[in-house]
Amino acid sequence: MDVPPIDKEISEELDLRINKYLRGGAVNLKGLEDKKLRGQLAHRENLFGKSAKAAAKYEKWLMPSEGGYLEADGPVEKTWRIKQEDIGRAVDISSARNQHDVILPEFGPYTMDFTSSGQHMAVAGRKGHLAVVDVKNLAVRKEFQVRETVRDVVFLHHQLFFAAAQKKYTYIYRPEGVEVHCLKEHGAVLRLQYLKNHFLLASINNYGQLHYEDVSMGAMVNNIRTGLGRTDVMRVNPYNGVVALGHSGGTVTMWKPTSSAPLVKMLCHHGPVSALAFHPSGHLMATAGKDKKIKLWDLRKFEVLQTFPGHAKTLDFSQKGLLACGTSSFVQILSDLSESRNYSKYMAHSMVKGYQINNVLFRPYEDVLGIGHSMGWSSILIPGSGEPNFDSWVANPFETNKQRGEKEVHLLLDKLPPETIMLDPSKIGTVKPARKREKPTKKEREAEMEATLEDVKSNITLKKKTKGRNKPSKRAKKKEVIVSKAKRSLLEQMHEEPLSRKKQKISEEVALPKSLQRFAHKKAPT
Amino acid sequence: MKVKVISRSTDEFTRERSKDLQRVFRNYDPNLRPQEKAVEYVRALNSAKLDKIFARPFLGAMDGHMDAVSCMAKNPNHLRGIFSGSMDGDIRLWDIASRRTVCQFLGHRGAVRGLTASTDGRILVSCGTDCTVRLWNVPIATLKESDDSSNNSVKPLDVYVWKNAFWAVDHQWDGGYFATAGAQVDIWNQNRSQPVRSFEWGSDTVISVRFNPGEPNLLATSGSDRSITLYDLRMSSPTRKLIMQTKTNSISWNPMEPMNFTAANEDCNCYSYDARKLDEARMVHKDHVSAVMDIDYSPTGREFVTGSYDRTVRIFQYNGGHSREIYHTQRMQRVFCVKFSCDASYLISGSDDTNLRLWKAKASEQLGVLLPREKKKHEYNEALKNRYKHLPEVKRILRHRHLPLPIYKAAALRRTMIDAARKKDERRKAHSAPGSISTHPLRKKRIIKEVE
């Protein structure tokens with residue numbers, strides 16, 4: 001049958017999109033013997049396929065907005081030479097408002113955090129300045145001075161709570177400036193991270209202790225001594241909730257709250273790790289070291305994908321996978337055009353000389369990069385960095401108070417226990433595969449023995465002897481002897497169990513002459 | 001230079017007026033929902049827990065009879081009404097919604113053993129140990145205005161006296177005949193004072209009778225000689241007979257697959273048979289710990305309810321070997337009769353303690369009119385539970401039922417007895433000549449023979 005070329009094109013495009021929503025391949029139904037189960041699984045696969053197709057169609061036809069982009073005219077113009085001022089002139093006024101610098105020279109350097117919808121920003125100056133800014137309307141909600149060192153700030157599940165790591169303790173504030181909690185157990189915290197699905201606040205303090213606190217209950221979930229020294233490089237992998245720490249020895253370790261040993265310990269740099277970031281899909285990690293290298297890692301194979309020369313004090317991945325690296329007063333954006341995992345230079349931005357960048361962070365659902373530096377904070381436009389289409393039930397930039405309240409309840413109902421943090425979260429909800437049977441059961445062994453005995457019995461051939469020596473009784477006796485011999489050897493085989501390693505070692509030792517036994521552990525010289 | 005950045009105007013993404021609904025935008029990208037599988041699992045767990053929290057199946061008792069309730073009948077034409085007969089000869093019509101007696105049908109001198117309503121719902125037929133069959137007009141006017149519950153009684157339309165005590169009665173679907181069971185099976189016409197014909201096979205009492213819902217001329221009976229017999233009205237003699245090891249107390253046909261019926265047996269089990277193939281049960285439904293007294297299929301044909309002498313009511317899937325649900329209360333005594341309501345959402349049980357009890361068919365179902373969003377949520381939760389039902393935590397919660405101690409103990413005892421018997425059989429087989437002892441599956445084991 002002839003399909004019109006346009007339809008064919010559409011179906012091919014849909015097939016590409018469907019793959020994204022299928023979440024892995026289908027079950028192989030060929031090998032299943034259980035007919036009922038096979039029918040059920042086939043039905044379910046059919047449903048999965050249908051829903052993936054519906055989602056792909058939705059993506060193709062019904063998404064309200066398209067993503068941003070920045071393209072150069074001709075081969076001479078380079079995207080990274082394009083200045084922010086030029087971009088600002090080319091875009092509409094409301095977007096151009098996202099390019100701004102806030103100069104606050106007294107309290108810097110600044111660090112910041114966005115809510116998951118990108119509607120609010122919390123900023124913290126090192127010298128005690130805390131503020132909550134409504135970045136959508138560019139209005140300061142509240143700012144106040146705590147009069148001590150503030151090292152980090154992070155929003156909890158919505159904009160009405162944020163935690164600030166201060167000189168001695170960590171505090172939780174409401175945006176009106178009311179102190180709600182003082183978390184003394186965490187100690188002098190250097191870096192904070194919040195795990196949204198688990199309601200966990202993770203912190204690393206100046207003794208290198210990693211604390212997990214459940215903020216919905218106010219209970220300490222775990223306190224892990226990393227034993228790897230002081231560090232302020234910490235990021236959460238959004239894909240699985242694993243916390244990664246970068247250490248001064250050049251290692252990156254990954255932690256979960258239910259084990260006191262790291263899940264992964266990888267040597268990434270020959271020198272201290274200075275920054276760390278995760279791709280939102282969770283399979284890509286960027287690390288920067290003092291050895292003047294920025295590396296991209298594949299977290300499924302724990303292999304380096306790409307290495308770039310250069311320092312980075314701070315790294316961040318955007319929702320669409322752009323990587324921002326900030327050093328001194330210079331920001332560089334790398335991108336993998338055509339999603340080939342081959343990152344190359346995309347944009348660059350220089351601040352006023354002398355500004356020291358402390359923190360870069362992409363604003364979710366917007367093409368905006370926030371920069372916290374020694375003289376305040378800035379915001380620049382990075383076209384193509386944000387996810388253009390939000391989901392109202394996941395993170396809504398136009399959320400009303402009522403919706404926020406309702407979402408809080410749902411978040412609490414769906415709160416994940418800390419045990420669900422693991423390297424491969426797709427394992428949750430699966431059943432343990434049946435163990436492979438190594439030893440035959442007793443019944444099987446007996447059956448086998450019987451079969452061999454039968455075999456022996458049927459294959460007995462006796463010589464025909466001279467008259468008088470060939471009595472039937474003697475022949476029967478001889479047969480019996482043969483069978484019993486075979487049986488004995490079989491039984492011996494059956495009872496002979498493989499020795500455990502320890503026993504084997506001992507037996508080896510015993511086998512040696514006594515004078516040589518003391519050399520038994522050592523490897524023989526080759 | 002070509003450049004575009006995301007720019008959203010508030011007008012496009014928010015509602016225009018305060019009376020409008022909030023606008024909702026979806027993006028199904030899996031990257032926006034990290035750990036979705038874990039979240040789904042937690043939701044499944046929560047919905048399983050909620051199921052347990054909301055499991056309040058008992059709706060109320062209908063009190064009024066002076067003696068044990070022996071039989072019940074649904075009115076196929078009226079959802080709210082149910083008839084019940086008791087051992088002292090009292091017949092009542094109940095309004096399920098208000099749980100009150102609408103009217104009484106007085107006249108029987110002994111226990112009422114059988115009740116049935118005609119398919120159009122106008123005539124009620126009752127029979128009892130006083131050797132009479134009585135036909136009653138169902139008062140439709142009083143059904144409508146059941147609020148004024150003056151216990152008005154009704155006079156019988158006809159009284160037919162016959163030779164023997166009756167044990168059961170059932171009305172034909174889409175026809176004018178009804179069948180009574182007693183010393184023999186009699187087929188009656190509503191207008192004749194004597195049976196139009198009688199069937200007899202063997203000399204033992206027939207204790208239950210049920211017409212086939214699909215083929216109006218077919219009926220099944222069970223007798224005290226441990227038999228299940230199939231009759232065809234177009235033939236002069238009974239067609240087939242199956243003899244089991246124990247007595248069958250009641251029979252119910254599956255209304256959606258009318259060739260299948262399920263028999264409630266004295267040996268604590270129910271046996272589903274295909275009427276075309278009686279040499280083997282299609283399924284054995286185990287779980288009761290005492291004789292199963294009555295059985296009734298849901299109109300959906302997907303499940304049935306049983307009442308047992310062990311004081312419990314259980315719900316089984318039509319293809320499930322074990323019960324989905326068990327209902328019991330401290331006051332409910334031996335259950336003699338159970339019925340599924342005609343909308344498949346309620347159960348009614350009648351027991352020795354003179355009460356009728358009303359139960360929900362799904363223990364945690366939300367009653368009343370559901371909003372579309374509520375309905376969707378329930379469906380979502382149901383799908384989640386179904387998806388994760390094999391995982392140990394969810395399974396444990398979903399399977400947990402509180403049992404009265406005597407039943408718990410009896411079930412354990414039964415289990416040990418069955419295990420011991422099985423072990424003994426195995427040993428006997430192991431120590432006898434190979435092939436000399438043949439084992440049958442339970443589906444065949446309880447069948448003694450099939451007679452044509």
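**Note on the two-chain model**

1. In chain B, S7, S8, S9 and S11 make up, in that order, an open sheet of four strands with antiparallel pairing. Strands are DSSP runs of E of at least two residues, helices are runs of H or I of at least four, and both are numbered from the N terminus; two strands pair if DSSP finds at least two bridges between them. At the edges are S7 (112-117) and S11 (158-161) of chain B, each pairing on one side only. The twist from one strand to the next averages 15°.

2. This is a predicted model, in which local features need pLDDT of at least 70 and side-chain atom pairs count only at pLDDT 80 or more, while totals for chains, interfaces and linings use all residues. Residues are numbered from 1 along each chain as its sequence is written, and chains are lettered from A and ligands numbered from 1 in the order in which they are written.

3. Within the sheet, S7(B) and S8(B) (residues 123-128) run antiparallel and are joined by five bridges. Gly128(B) of S8(B) is the residue opposite Val112(B).

4. The interface involves 52 residues of chain A and 33 residues of chain B, where contact means C-beta atoms, placed from the backbone, within 7 Å. On the chain B side, the elements giving two or more residues are S1 (2-4), H1 (10-13) and H2 (36-53). H2(B) has the largest share, seven residues. This side holds 17 nonpolar, nine polar and seven charged residues; nonpolar covers Ala, Val, Leu, Ile, Met, Phe, Trp, Tyr, Cys and Pro, charged covers Asp, Glu, Lys and Arg, and the others, Gly among them, are polar.

5. Strand pairing also links the chains: S1 of chain A (residues 69-71) and S1(B) are antiparallel over three bridges. Leu70(A) is opposite Val3(B).

6. H2(B) packs on H4(B) (residues 372-388) at about 105°, with the axes 9 Å apart. Axes are lines fitted to C-alpha atoms, for helices over the stretch in contact, and angles run from 0 to 180 degrees between N-to-C directions. The two helices are therefore roughly perpendicular, a class that spans 65 to 115 degrees. Among the residues in this contact are Tyr41(B) and Ala44(B) of H2(B) and Leu384(B) of H4(B). The contact comprises five nonpolar, two polar and four charged residues.

7. The largest nonpolar core has 92 residues, and Leu315(A), Leu323(A) and Ala324(A) have the most contacts inside it. A core is a set of buried Ala, Val, Leu, Ile, Met, Phe, Trp, Tyr and Cys residues joined through C-beta atoms within 7 Å; buried means 20 or more other C-beta atoms within 10 Å of a residue's own, with C-beta atoms placed from the backbone. S19 of chain A (residues 273-278) gives the most to this core, five residues.

Conventions: Two residues are in contact if their C-beta atoms, placed from the backbone, lie within 7 Å. Angles under 35 degrees count as roughly parallel, over 145 as roughly antiparallel, 65 to 115 as roughly perpendicular and the rest as oblique. A residue is buried if 20 or more other C-beta atoms lie within 10 Å of its own, exposed if 12 or fewer, and partly exposed in between; C-beta atoms are placed from the backbone.
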